[in-house]
Amino acid sequence: MNELSLLSVLVMIAASVVVLAIFRRLNVPPLVGYVLVGAALGPGGLALVPDVAQVRLLAEFGVAFLLFTVGLKFSLPRLKSMGWEMVRFGGLQVAVSVVLVALVALAFGQELPLGILLGGALAMSSTAVVIRQLSDQREIGQPHGRIAVSVLIFQDLALVPFLALVPALAADGGPAQPLATIAAAVAVLGLMLAAGHWLLRPLMQEVARTRMAELFTLAVLLVPLGAAAATHAVGLSLALGAFLAGLMLAETEYRHQVEVDIRPFRDLLLGLFFITVGMNVDPAMILRWLPAVLILVTALVVGKAALVYWLLVWFGEDPRVAWRSGIALGQGGEFGIALLTLMTQRGLLSGEAAQPLLVAIAASMAVSPFLIRKSGGLAARLAGGPAPVTEPPADDSGLDQVAKREHVILCGYGRVGQNLARILEEEGFEWVAIDEDPGRVRIAREAGDAIIWGNADRPETLAAAGLDTASMVVTTLPNARETLRVLSAIRAAAPNVPVLVRARDDAQLELMQGGGATEVVPETLEASLMLASHALALLGVPLGRVVRKVQRVRDDRYSLLRTVFRRDAPSYMDPEHFDLAQLKPVTLTDDYAAVGHELGALGLEAEGVMVTAIRRDGIVGRQPLPETVLKTHDVLVLFGRSEDLERARNILLTGRH
């Protein structure tokens, strides 16, 4: 970065700090502040940042990181379920928009190819504006948010043929160039999906095992940037590549920590992007062409909102959801600005004709956050009746749903944490665990447990675990310094939540209490038992029931506490067996002879191995019955000693004892 561009960035950051502080007090969306900063500092204002191109590429990575975090929330299976919705709503929205704009262009004496390109530019909505505002309002998972995201994804894909058409019309590309560009884009997308499936998760596992925070952060930056560079190389948007990278990581145990690490970079660069949008606004030109700009902005916002509403109602969508979706998508977009700029550079559109369109698109993006914020009330008035009460779709992850309800947070999911989790389950309490051991987290996720990989002393990680709705937090970490850092983070975010702490000995009692612990349980031979009894008492379980449970556990020679992922233990397993036992998930493929047989007929218990759970089609069944018939792709969670587990796997594979 040369001296001028560095000065440009510093000026923009300083102006943003002042303007955003003022807008925060006025409760105005920060996006509007960024756009105004860009308009004031850009070529049409004070010209303190005369060359927008110097910061434009850096700013575009803000949109890429935004789409990366959206991909982390959606996951590839959920995107597949939205496939028809994307084609149906997004395809028609783009096609009808192009046809209408092309007809208007023909009426004004323009050629049809130019009208098609103008239609493509105006059909695009702002991914950055819509997703940022819906995320701030926590409406991404609601029906209108899901529809808006599906249309935006299709628009990103639809940008490819429009970009490929520009050089062909400018006569600097051969007739086969558009087809070659599209073919290259399809090939790159296929390679990215394959690489994400086979390479990305093993890479993140190796990075996580190092326990180096800076290495993990570098890997988190590498993934979206590398994916964005791959799609950009073949004419696709940076944002689309980053979005696909997010989808690849969404189903892994690293999703929450990745989102925590990427957020500061995303917010900073996204603000820079909105500043560059404002730089396309020329205040002098707005005053000169004010009537035309107002007409264009009104036609763009009202026309696109009405078009989306009409399409959704035509397909049977609720009118209020249709209006909210239309209002969310009723603005121009950053890719429309990019397409108009490219057309101007190639001589397909004069600068005088492009400027009103660029200003109208930027202005529509500036007013859009206000409209999206008020979309519930506007939709109710336009459709009639109260706005519907919408909930996140049922395909949200089970962990996210538990985090929104009353639950217990377990910081640390070693043997003590696992024991406590099982006792909480028996009493009907839900829980979410946090652990930084990637192997332990992977096995727990295979068993269907609600667990997050990350550091419990990070406020963002605690927020992902649902600290604001937690009824209690229990830290089972053996290290006193780690525990104190976790306590500090908890007390900073939730001063009143009860916190139960495991300590190594009585010498740490006052230290932990001074750090904010509600109760401190010194570590003894009965540490797990004492933690469980205190937890149940704090959660309101009658004292008599707690005493009876403690006595029953003692009578069972601690078999309950020694079970790792199962609530009861076979009597033939002695304590020595448990000390050497471990978990092992086994995925049944077509090669396994056990497929099609009943679980009890395999004789695994005779080998000293128990099946604690079976995961089928994403649903976990604990303590499966012996009559359960095994199917291909079932994941069996086995518990036993290593040599017994190997024999059990051979039985599953060959069918022979």
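First, the ground rules. Residues are numbered from 1 along each chain as its sequence is written, and side-chain values use heavy atoms, with hydrogens and water left out. Because the model is predicted, local features need pLDDT of at least 70 and side-chain atom pairs count only at pLDDT 80 or more, while totals for chains, interfaces and linings use all residues.

Let's start inside. What is a nonpolar core? It is a set of buried Ala, Val, Leu, Ile, Met, Phe, Trp, Tyr and Cys residues joined through side-chain atoms within 4.5 Å. Buried means under 20% relative accessible area, exposed means over 50%, and partly exposed lies in between, with a 1.4 Å probe and protein chains only. In soluble globular proteins, nonpolar side chains tend to be buried together.

How many residues does the largest nonpolar core have here? It has 127. The residues with the most contacts inside that core are F68, V258, L340, M343, L410 and L424. Take M343. Leaving aside its neighbours within four places in sequence, M343 is in contact (heavy atoms within 4.5 Å) with L114, L117, L118, V166, L348 and L349. There is also a second, separate core of 28 residues. Its members include L399, L462, V486 and V497.

Now the charged pairs. A salt bridge puts a side-chain nitrogen of Lys or Arg within 4 Å of a carboxyl oxygen of Asp or Glu. By this rule, the count is twelve. I'll show some of them.

One word on labels before I do. Helices (H or I, at least four residues) and strands (E, at least two) are DSSP runs, numbered from the N terminus.

Pair one is E206 with R209. Their side chains meet at 2.7 Å, N to O. Both sit in helix α9, residues 177-209. They are three residues apart, so about one helical turn separates them. E206 is partly exposed, at 49% relative accessible area. R209 is partly exposed too, at 48%.

Pair two is R405 with E430. This salt bridge is also 2.7 Å, N to O. It links distant parts of the chain, with the two residues 25 apart. R405 is in the loop between α19 (398-403) and β1 (407-411). E430 is in the loop between α20 (415-426) and β2 (431-435). R405 is partly exposed at 37%, and E430 is partly exposed at 30%.

R440 has 31% relative accessibility, so it counts as partly exposed. D437 has 21%, and it counts as partly exposed as well. Then there is a network: salt bridges link R422, E425 and D449.

On to a strand. Is β10 mostly covered or mostly open? Strand β10, residues 635-640, is mostly covered, with six of its six residues buried. V635, V637 and F639 point one way. L636, L638 and G640 point the other way. Who pairs with β10? Strand β8, residues 610-616, does, in the antiparallel sense over five bridges. Two strands pair if DSSP finds at least two bridges between them.

Next, a helix: α14, residues 290-314. The expected span of a helix is 1.5 Å times one less than its number of residues. α14 has 25 residues, so it should span 36 Å. Its end C-alpha atoms are 35 Å apart, which agrees. The buried residues of α14 include V293, V297, L300, V301 and K304. After α14 comes G316, with a positive phi near 90°.

What touches S364? S364 lies in helix α17, residues 351-373. It is buried, with a relative accessible area of 0%. Not counting residues up to four places away in sequence, S364 touches V297, L300, V301, Q331 and G332. V297, L300 and V301 are buried residues of α14.

Last, two pairs that sit apart in sequence. D156 lies in helix α8, residues 143-169. At 4% relative accessibility, D156 is buried. D156 and G90 are 66 residues apart in sequence and 10.0 Å apart in space, C-alpha to C-alpha. P30 is in helix α2, residues 30-41, and is partly exposed at 33%. P30 and Q133 are 103 residues apart in sequence, and 9.9 Å apart in space, C-alpha to C-alpha.
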